[in-house]
Amino acid sequence: MTPAAGSPTPTRTSRFFSPAEVSALFGKNDLLEDDSFARMDILKNPNLSPAQKKAQMAELDARLPAAVREGRAPDAKHHSLVDAEREARARGATEAEMMQIRTEIVGAEVAQNLAAFDKEEAAWKQRVDVYLLERKRLLSFTGMAEADRQAEVNKLRERSFNEQERLRLGAFE
């Protein structure tokens, strides 16, 4: 017996449950699983342009029940923001343009928080760059023993960064 369109594929569970019970128990999971596989197929398809992929993903979204779409809305907003920021940065968008994009997608308050985070990250990166240059200079200085050079680097690290920042600094050294 072939299942009707939209009904779950017969499995071992159909020996124990009626089609209505299978649908009630497993229907949502089956729907989400099928949706996930369809999305992977779209993303992996090299014959589709980014615009075509986006359109097909939107079609999948439209087929989902409203409750599922609402549950995915925050993730969709995040992905939309990341994509828009990436495109804007690639074309050399100004800070004002980035603020406008962010405000349209996530609202003014979040856009301001993201701008503040960008400034903090830029300041952090600048501090790390200065530290790395000074560290390189210290380590290349031949007038000191290796242990003394390392001690100077440790002093520089402690002067330049707090304890929490030093944990993060290891990724840059």
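This is a predicted model: local features need pLDDT of at least 70, side-chain atom pairs count only at pLDDT 80 or more; totals for chains, interfaces and linings use all residues.
**Helix H3**

Helix H3 takes in residues 66-90, a run of 25 residues. At 1.5 Å a residue it should span 36 Å, and the 34 Å between its end C-alpha atoms agrees with that. H3 carries a kink of about 45 degrees at alanine 73, shortly before proline 74. Buried positions in H3 are Val68, Leu81, Ala84, Glu85 and Ala88. An α-helix has 3.6 residues a turn, so residues three or four places apart point the same way. Just after H3, glycine 92 has a positive phi of about 80 degrees.

**Helix pairs**

The table sets out the two pairs.

On the H3 side, the contact involves Lys77, Ser80, Leu81, Ala84, Glu85, Ala88 and Arg89. H4 contributes Met98, Ile101, Arg102, Ile105 and Val106. Among the H3 contact residues, Leu81, Ala84, Glu85 and Ala88 are also buried.

The H5 and H6 crossing is right-handed. From H5, the residues that meet H6 are Arg127, Tyr131, Glu134, Arg135, Leu138 and Leu139. Their counterparts in H6 are Arg149, Gln150, Glu152, Val153, Leu156, Arg157 and Ser160.

**Two individual residues**

Where does glutamate 85 lie, and is it buried or exposed? Glutamate 85 is found in helix H3. Its relative accessibility is 11%, and the cut-off for buried is under 20%, so glutamate 85 counts as buried. Leaving aside residues up to four places away in sequence, glutamate 85 touches Met98, Arg102 and Leu114. Met98 and Arg102 belong to the H4 side of the contact with H3.

Phenylalanine 17 is found in the segment before helix H1, which covers 19-44. With a relative accessible area of 32%, phenylalanine 17 is partly exposed. With the same exclusion of residues up to four places away in sequence, phenylalanine 17 touches Val22, Leu25 and Phe26.

Conventions:
Residues are numbered from 1 along each chain as its sequence is written. Side-chain values use heavy atoms; hydrogens and water are left out. Helices (H or I, at least four residues) and strands (E, at least two) are DSSP runs, numbered from the N terminus. The expected span of a helix is 1.5 Å times one less than its number of residues. The bend at a residue is the angle between axes fitted to the seven residues ending there and the seven starting there. Buried means under 20% relative accessible area, exposed over 50%, partly exposed in between (1.4 Å probe, protein chains only). Contact means heavy atoms within 4.5 Å. A crossing is left-handed if the near helix is turned anticlockwise from the far one by less than a right angle, and right-handed if clockwise.
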